[in-house]
Amino acid sequence: MGDLKRDAWPQLPLPLEELRRAENRYFGGETRLYDLTRIGWVRRLLKRRWLQFVVTLPNLAIFFLALAGGFIGADGANRGPDQFGSAITWYLWFAAVAASMLFLGRLWCLICPFGGLGEWIQRRTPWKKKPKALGLDLNWPRRLANFGVLPSVAGFFLLTLWEEYQGVAGPGDPRYTSYLVIMIFASAILVYLIFDRRTYCHYLCPLTALIGVFTTPSVLSGFRARNRDVCLECEGKDCIRGNANGYGCPWLVYPGSNATNQGCGLCTECFKTCPNDNVGLYLQPPLTNVHSPGRRRMDLAIALAVLWGMVWYEQWNAFPWFSNPQGTGLDDVLNRITGWPHYPNLLDFVGLTFVVPLFFYLYVRVTTRLFPAVGDWRKAFMAQAYALIPLVGSDYLARQLPKFWDHIVRVPLSLTDPFGWNWRSFQRIPLWNFHILSNAGVVESQVVLTILGTGASLYAAWRIRDRDYPRERGAGAFLASACLVILLAGVYTAWMYIQMAGAE
Ligand code: SF4
Ligand code: SF4
Ligand code: SF4
């Protein structure tokens, strides 16, 4: 993994003022706007041991309701779009997670039922502090840890392939949504029983790479040490080891040096355990952790490139050149040649998804070769990938908007028959087919989001130039190269949404 901190750390000795400025550049100290724990009731609430249990429990109940709804009911297989579990998962949940990660850090992880249930089982208690964990309590092997969140990207890729193949998010047969939920619950609990802390959330959860990458533009900085000098002198390091008040950081984050919101699961343990009252929950300007994340990570940069390919695949598959009723689209032809039963053909799913990171990689290699002043290609790859985060993140949210605007009203209405027992005909419920926005409105919202994402990426590239290329000759070339990719990608993404005309 690249370590820009080491590459660009200024030479010592420096006047104290300059040292502090340099430190702020890497740790984002000057960007902290407000410590939310200064508000009395917030502070008191965050100290409560039951907090995470209480905010997770309703979510767990909804997920179990959704899960049960997939199996109970007279004709579950034929009532996909009408079934509560499918409706809440595909019309609301994914859009809500996409929006929350862009604006509110890992807020979803605070209330996530998968991580929550696994952790309660592992701790043998929903909220108390117990000394011994259930299970083997092993460390995640160091060799695998070197891959960072890449196993999570692989998991998200495979899950998406399966979801597309079964048409789960259509939404199709609600039983498949239930299978999906069971798969995630089962894998989470298994890993919680084998490995220590939140190994599952840190490395393996299919969503952790997605959330970790796209949470960096958010205004919530996560929990951090108020004063790092206090941490340097603190011998106990209870935030890591835990004490009678709480557990050592389950997410393997050290608040004393944490400089990004990417890994903090907002679990509040360090706020409870720090004996020096040296932990706060800060608001920061948007995009701070995109341009000033402490150090850039190659695994996150690769994750961004692959996730970019995946979201473009989700757009390409709506075009006639990909698939059409005459059977002349790429997917149709490949299915005929390979004997693959139906969409998506494995070859185009893998090929089209990975063509984007491949082109991005080649682009960075060529530009760093043409303009050697830009420096090592790894540094340029990470910097440009980080600059693209807001644009690709907004693309993920935009892709969810057609389902959200067209069907969100069905989520509360489907509660009138959550298990599909034919209590009533959904089609006769007033407002069942009500669309909040027309097709044109959906497209406008997608294009506006893409424009905002493009603007945010351009701004991030400009700030990254200042931070990663201070006083370097290659700064201009880096900025020109990054802005070219962002503008081309932004215009193409918006064009695709216009062509798709609000397709789900
Ligand atoms: S990383 Fe995954 S399992 Fe863990 S809390 Fe977040 S979404 Fe849930
Ligand atoms: S326990 Fe508190 S003071 Fe000590 S290292 Fe952790 S955050 Fe810093
Ligand atoms: S212990 Fe602190 S730093 Fe670690 S995940 Fe929880 S809130 Fe974040």
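This is a predicted model: local features need pLDDT of at least 70, side-chain atom pairs count only at pLDDT 80 or more; totals for chains, interfaces and linings use all residues.
**D137.** D137 counts as partly exposed because it has 13 C-beta neighbours inside 10 Å. (A residue is buried with 20 or more other C-beta atoms within 10 Å of its own, exposed with 12 or fewer, and partly exposed in between; C-beta atoms are placed from the backbone.) D137 sits in the loop between helix 7 (113–123) and helix 8 (142–145). (Helices are DSSP runs of H or I with at least four residues, strands are runs of E with at least two, and both are numbered from the N terminus.) I noted a positive phi of about 60 degrees for D137, although it is not a glycine.

**Ground rules.** I number residues from 1 along each chain as its sequence is written, and I letter chains from A and number ligands from 1 in the order in which they are written. Local features need pLDDT of at least 70 and side-chain atom pairs count only at pLDDT 80 or more, while totals for chains, interfaces and linings use all residues.

**L252.** I then turned to L252, which is not a glycine either but has a positive phi near 60 degrees. Its place is the loop between strand 4 (246–247) and helix 15 (269–273). L252 is partly exposed, because 19 other C-beta atoms lie within 10 Å.

**P344.** I found a cis peptide bond from Y343 to P344, with omega near -10 degrees. P344 lies in the loop between helix 18 (330–338) and helix 19 (346–370).

**Core.** Which residues have the most contacts inside the largest nonpolar core? They are A303, L304, Y386 and L388, and this core has 111 residues. (A nonpolar core is a set of buried Ala, Val, Leu, Ile, Met, Phe, Trp, Tyr and Cys residues joined through C-beta atoms within 7 Å.) Helix 20 (residues 377–407) gives the most to this core, 17 residues. Leaving out residues up to four places away in sequence, I see Y386 touching V290, R296, A301, A460 and I464. (Contact means C-beta atoms, placed from the backbone, within 7 Å.)

**Ligand 2.** I listed 14 residues around ligand 2; C231, C234, C239, C274 and N278 come nearest. (Near means a C-beta atom, placed from the backbone, within 6 Å of the molecule.) Helix 13 (228–233) and helix 14 (238–241) are the elements that give two or more residues to this shell.

**Confidence.** The protein averages a pLDDT of 89, and 91% of the residues score at least 70. (pLDDT is the predictor's confidence in each residue, from 0 to 100.) Over residues 1–16 I read a pLDDT under 50.

Methods: Two residues are in contact if their C-beta atoms, placed from the backbone, lie within 7 Å.
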